[in-house]
Structure formats: structure tokens, C-alpha cells
Amino acid sequence: MPSLIRSIDALSAALSENSYIADRSLATAIFLALKLQRPLFLEGEAGVGKTEVAKVLSRLLDRPLIRLQCYEGLDVSTAVYEWNYTRQMLQIRLMEAAGTARDHNAVQELFSDEFLLRRPLLQAIDSRNGTPPVLLIDELDRADEEFEAFLLEVLSDFQITVPEIGTIRADEPPVVIVTSNRTREVHDALKRRCLYHWIDYPSFEKEYGIVLAKVPGAPEQLAWQVVAFVQELRASELYKLPGVAETLDWINALVALDQEELHEEVVNETLGVLLKYRDDIQKVQGESVRQIIDRLRKEYQSER
Amino acid sequence: MTAPLPTIQYPISPSGHILPNIVHFGRLLRALGIPVTPAQMLDFVAALEIVDLRRREDVQESARAIFVSRHEHLALFDQAFALFWRARPTSQMPRIDLGNLLKKRPNAQEQYRLISRSAAESQPGSEDDEPFVDKLFTATDREVLRHKDFAQMSEYELAQVKEFMQEIPWQPPLRRSHRRRPNGRGDQLDLRRTFRHNLRYGGEALHLARRQRTTKRRRLVVICDISGSMDRYARVLLQFLYGLSHSLDQVEAFVFSTRLTRITRPLQRRSIDEAVEQAAKTVHDWAGGTRIGEAIRAFNYDWGRRVLGQGAVVLVISDGWDRGDPDQLDGEMARLHRSCHRLIWLNPLLGSPTYQPLTRGIQAALPHVDDFLPVHNLVSLEQLAQILAGKAGREHRLPQI
């Protein structure tokens, strides 16, 4: 473990150096996950930076990132391992040609390491890769209960059994980040194996910090207004609130359009970057956009 | 009481009729609906040889361990045991050939009503006065109850219905899952198994292993109105929700009058009364006014994304007396309809032949509803079970306005 992970403060600083602004509680959760070598279960609305945690940790710890995107029906052959059938067939032909096909260990040879295709979970616990990687199990809520049950086994012992080869065990467990958008409740048994953290929408200060860190080229006034505008939207009654990812998309869009500050027409035209439901856009467009912008302009001036 | 009364003897009575009595006891249990096999009877005889017959509790516990395999049978068993193996002075011993009576199986339950009554009468004021008979509702009574409106039931009848309600088999519709299982006639080649299998033929693909997508039951989400106008149905409906969530894995339950409360967790309590009581405690606005649109909105915003995944079936139970904004209800029902597999509105008033769905609430909601069904008696619940399982025809259920 690199020396920078000696304290929560050090971790916090290292995260923000890598342009990830984490509040104290998230930094604590990550710190504990690293120290106790336990998986970290991150839950929160879409676009609050759950996946980003894994990416930034991989950069920070200088370890490879292995990502497993979950979906219903995810099975062993896509998540753990698969045999390379084409090569095995070829090998049989070769052995036949060489007359060794009837040898006692021909089958053993066919199911050796050489013909094994490693999928993300196996890669992550196979210690021959050198440093243990950062394993990102993304959107676990999309997988089904069968996969969850399997994952439970892997996460408790960090070992996987391939019947033809034997048990593969991680010398040092990988850093595991599990994320969920909560489109269904993940089973308690799995959550119990992990440290749990709920990532909320960021405060104004935090989001402003994120925008400055991620979009350094943005004009200051625009950045301030964009963040204030999004914060305003989150306080209103919308079916789907915009996440930090949407804020960043929006400010990038406005920068691309050479905007220095928010103008009503441009906001109305680009609202689709921020809001993804027609009802929500209709609710905000026009009158309330104008009101919010007027208010923000005054606030910004009094702030200066 | 002119009916012949049973000969019941205590196991260690000097006359030593213990074996016949065990057989009678087994028959009694069977007549009460506790399935007893001959093997269990033999086990019990064997057990009596090794437990101390003078210790009544030991005998009872042994019998319980051997004969009862379902939790809901325990109470019934204890009552039956207490009644059957009762020590009485021979002078007061009621005489009856129990075996002959029981040969008339269809009437067996009726006979036990008599037995229990005579037992209670023979020992006035004893603690055995418990309503053992409750469990022995006859077929005709049951038929009448099935068709009786919940709102017109007495406390006693509601207690009966509670039991019957738990027996309805619930099977929500199936959906195709993306998971695959080995299946000889599947639509996809299972390479791993094909390869393994054909190794014995030297790698020639002689046998093709296949796999097929599996099916899963859809999740059921129930949103139930417990406002003032639904008061007479609320308790029965909670019992219905309990039955649902205990016979199916994936049930989410919500109730509302002015606001929405999730009661999925409280309903998971073991005992029905505890569950219903706990659920009722969770709710703070019992029998308040109704704002259906507001409740559906709260569901859509706070819960829709969390519980409607992968095509759920949604049941909304309400009489449609709405004091909220019909436009809001219209919009929110439309949204709910778009985000679930099937939206079913259950209305207790629909049981009355003269009912017309004319209230503003119903008018706003109906265009977005797939099925509009009654929920006023046991028969309507049984029909609902059939429709969910896809066993009933369409003619029952299209909303008619």
C-alpha cells in the first residue's frame, strides 16, 4: 500500500489531486475499505460519481482497473472464465496428427491454463498478474439474484474454483468497488460483506469544486451560474434530477458554444443535456428558466 | 346432545387400548387436514416405547415432532391432542365408536364439532373451552362466505376468511429471463457442454448440447387505498397483502390515504396478526382523506425506479373516491402505466351490480388501466389469482364505461 494512504486526510488530498472531490465521509469509507481490505459498496442516484471512485483509485494506487458491467443473465462464462474451444479443437487435431491423442494426459493438457480465457473476476483474483488490481463491479442492481449469490461467494473468500484446474486464490485481495443505482434492492447478505456508502448529490461548494477541477477551461462566472442553476433544479419537483455527470456535460456543452454566462435562449436549447424526461423539460423551460437566471445574476453580482 | 359420543381413553388406562387409540388419533389428525402417513404412525408407536408415558408433555412433544411438519398446523394439533388424550373418570367417559364414525369421511368435520362440543359440556368452565370448532368450518358455510361481501362480514366471519385467504395460490405472470439453462431442445448451442461431451468421441461434434432462456415470475407491486371510504375493507385487504407477500418472493406493498407508506417490511412478520398490526402501526394516516393522484405521484417519484424493474405487475386497490386533482391523477397513472408491465385496478365497489365508475378519480384513471376488477369477496380474489396466472379469459376484465 503506497505511503499516501496513511490517513484519511492524506487520501482526501490524493483524491483531489486526481481531480476527484470527495467529502469526508466518502474518504473515510474508501480509507477503511483499503485498510481493512473489504469491498466497498457504493449506492446513489445515477451520475453522482460512483464509477469514478474506482477509476480514480486505480490511477492513485497505480493498479490496473478491471471492470465488470452487470446485466441480467450474466453467467460464469462471461464473468469468470471460459475455455478457448477453437484452440482446443485445433489442439485435438494436432494431437491426432502426432498420434498422441490417446495419451493418458491428453485431456489434462486440453484443460490446462493455456486454454483458459480469463474473464474479469478471475483476472482480478489471479495473483500471477503482479499487483492486485482495482475490481469495479458496476451496476450490480442490473444483475439477477443468481449472479449475486455467486458474487457473494467470491467476495467472502476471494477464491474461485475451476473444476478442471482447481481452486485459484488471491494472495492479496483486489480493491473491490461495487456500485448500484438502486433500481432494485441488492440482497442484505451481499451488503453485509461490504462497507456501505451512500453518495448523495453534492453541496454547492463541492460541486463547484468538481466543476473547476474537471473543466479547468470554463469561465468562472459560467461555472458559478451553472452549478447554482443545477442546485436550484435539484430543489424542485422533478421526476429525474440531474446528477454531477449532467452538470459536467452541460458546462462542457456551454463552453463549446462559447458562452460566458447563462442566457435564457441557450439554456432552453441545451436543457436536454440536463433533463432527460419531457415532462421535466416542459416544467422548467421558459418562465422558470428566466426567473432562476435573473435571480442567479443578482446573487452572483452581490457575491463579487 | 343426543349424538353418540366417542370412547376416549388415556394411554395408560388399565384397559390398555393405546394402539387403537393411536390409530384413532391419526385419523382425527387427517380429518382435521393434517396429513398423517402410516410411517408417521409407526414412528409414534416406536417413540412411545422410549418416552415416559406418564409424562404427558413428553408424549405431546413427541407426537408433535412426528406428526406436524407445517407451522400453521401446530395450534390445531395442540388443541386436537388436548381434546383427544384427556383423562376422565370412566364413569363420565362418553361412549362412542370413533372408528365407525370416521368411516363417513365427508361428515367427519361435522362429527368433530359434536365431539368438541360434548367435550366442552362435559367439563363446564374448564380451560378447554377454546373454539376448537373454528378450524372446522363446513363446506356449505365456506361456500356462503366465499360470496359474501367483506364489508358485510361479522368479526367472526372475517376471522374465518383470514384463514381461507391464505390458501389462494398466487402465480404472477412469467417473463423471459436472460439467464440460460441447459435444455436439450434449447435455441442456443452450449459450447462448454458440447465440447466436454464430445471429447469422448475424439473431439468430433456428434452431440450438440443446447441451452434455453429461462422464465421468471414477475414482481408484484400493490398500492392499496386505506382512506376513510375504504375503511370497511382495509383490514381484510391488509390480510390479503400478507397472504401475497408470504406466498411470493417478490412483492412490494404500499398503502395510502393522504400519503404513501411502504409496508413491505412489516408484512414480512411471521404471524399474520403481528404483521397486520405492525403494518397498521407504520401508517400514520389511517382512514384519512384520499388523494390518489398525490399517492401515485409519490410512488412514481420515490419508488417507481426502485421496485418496477424488469416489468412488474402493479395492482392499485381503491374505490376511486378522490379528493385530489384529477389532472394530476391522469398524468401520474399514465406514467405508472408506461413504466410497468401491467396495471390492474381493483375496486371493491365493482362487486355491486349497480355500480357505475363515474367518480372523477375513476374517470381519470381508467384510460390507463389494463384491467378493472372487483375485490369485494373471496371469489373475486380467487378470480384475480386466476387472471394473474393467465388462466382466466379476457371477458372478465375489460373496463366498461
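Colleague: How many disulfides does the count give over all chains?

Modeller: Zero, over all chains. Keep in mind that this is a predicted model.

Colleague: What is a disulfide, in general?

Modeller: It is a covalent bond that joins two cysteines through their sulfur atoms. To count here, two cysteine sulfur atoms must lie within 2.5 Å.

Colleague: How do you know that Cys194(A) is in no disulfide?

Modeller: Look at the distance. The nearest cysteine sulfur belongs to Cys70(A), and it is 12 Å away. The cut-off is 2.5 Å, so Cys194(A) is in no disulfide.

Colleague: What about Cys224(B)?

Modeller: Apply the rule again. Its nearest cysteine sulfur is that of Cys340(B), 17 Å away. The pair would have to be within 2.5 Å, so Cys224(B) is in no disulfide.

Colleague: Is Cys194(A) buried or exposed?

Modeller: Its relative accessibility is 7%. Buried means under 20%, so Cys194(A) counts as buried.

Colleague: And Cys224(B), buried or exposed?

Modeller: Its relative accessibility is 1%. That value is under 20%, so Cys224(B) is buried.

Colleague: Why is Thr261(B) called buried?

Modeller: Its relative accessible area is 13%. The limit is under 20%, and therefore Thr261(B) counts as buried.

Colleague: Where does Thr261(B) lie, and which residues is it in contact with?

Modeller: It lies in strand E6 of chain B, residues 260-262. Leave aside neighbours within four places in sequence. Thr261(B) is then in contact with Ala253(B), Phe254(B), Val255(B), Thr282(B) and Val283(B). Contact here means heavy atoms within 4.5 Å.

Colleague: What makes Ala63(B) count as buried?

Modeller: Its relative accessibility is 0%.

Colleague: Which residues is Ala63(B) in contact with, leaving aside neighbours within four places in sequence?

Modeller: Phe44(B), Val68(B), Phe77(B) and Phe81(B). There is also a distance to Val45(B), 18 residues apart from Ala63(B) along the chain. The C-alpha atoms of the two are separated by 9.6 Å.

Colleague: What share of chain B counts as buried?

Modeller: Of its 401 residues, 50%. The chain has 15 helices and nine strands. Its accessible surface comes to about 19800 Å², and carbon and sulfur atoms hold 50% of that.

Colleague: How does the lining of the largest cavity divide by class?

Modeller: Into eight nonpolar, one polar and three charged residues.

Colleague: What volume has the second largest pocket, and what lines it?

Modeller: About 790 Å³ of space. There are 29 lining residues, and Glu145(A), Glu185(A), Arg219(B), Asp249(B) and Gln250(B) lie nearest the centre.

Definitions and conventions:
Residues numbered from 1 in each chain as written. Chains lettered and ligands numbered in written order. Predicted model: local features only at pLDDT ≥ 70, side-chain atom pairs only at ≥ 80, totals over all residues. Heavy atoms only, no water. Nonpolar A, V, L, I, M, F, W, Y, C, P; charged D, E, K, R; others polar. Helix = DSSP H or I, 4+ residues; strand = E, 2+ residues; numbered from the N terminus. Buried < 20%, exposed > 50% of the residue type's maximum accessible area, 1.4 Å probe, protein only. Areas by Shrake-Rupley, 256 points an atom, 1.4 Å probe, with all protein chains shown as cover. 1 Å grid on protein atoms, 1.4 Å probe; cavity = no way out; pocket = protein on both sides within 12 Å on 5 of 7 lines; lining within 4 Å. Points joined across faces, edges and corners; volume = space filled by probe spheres on them.
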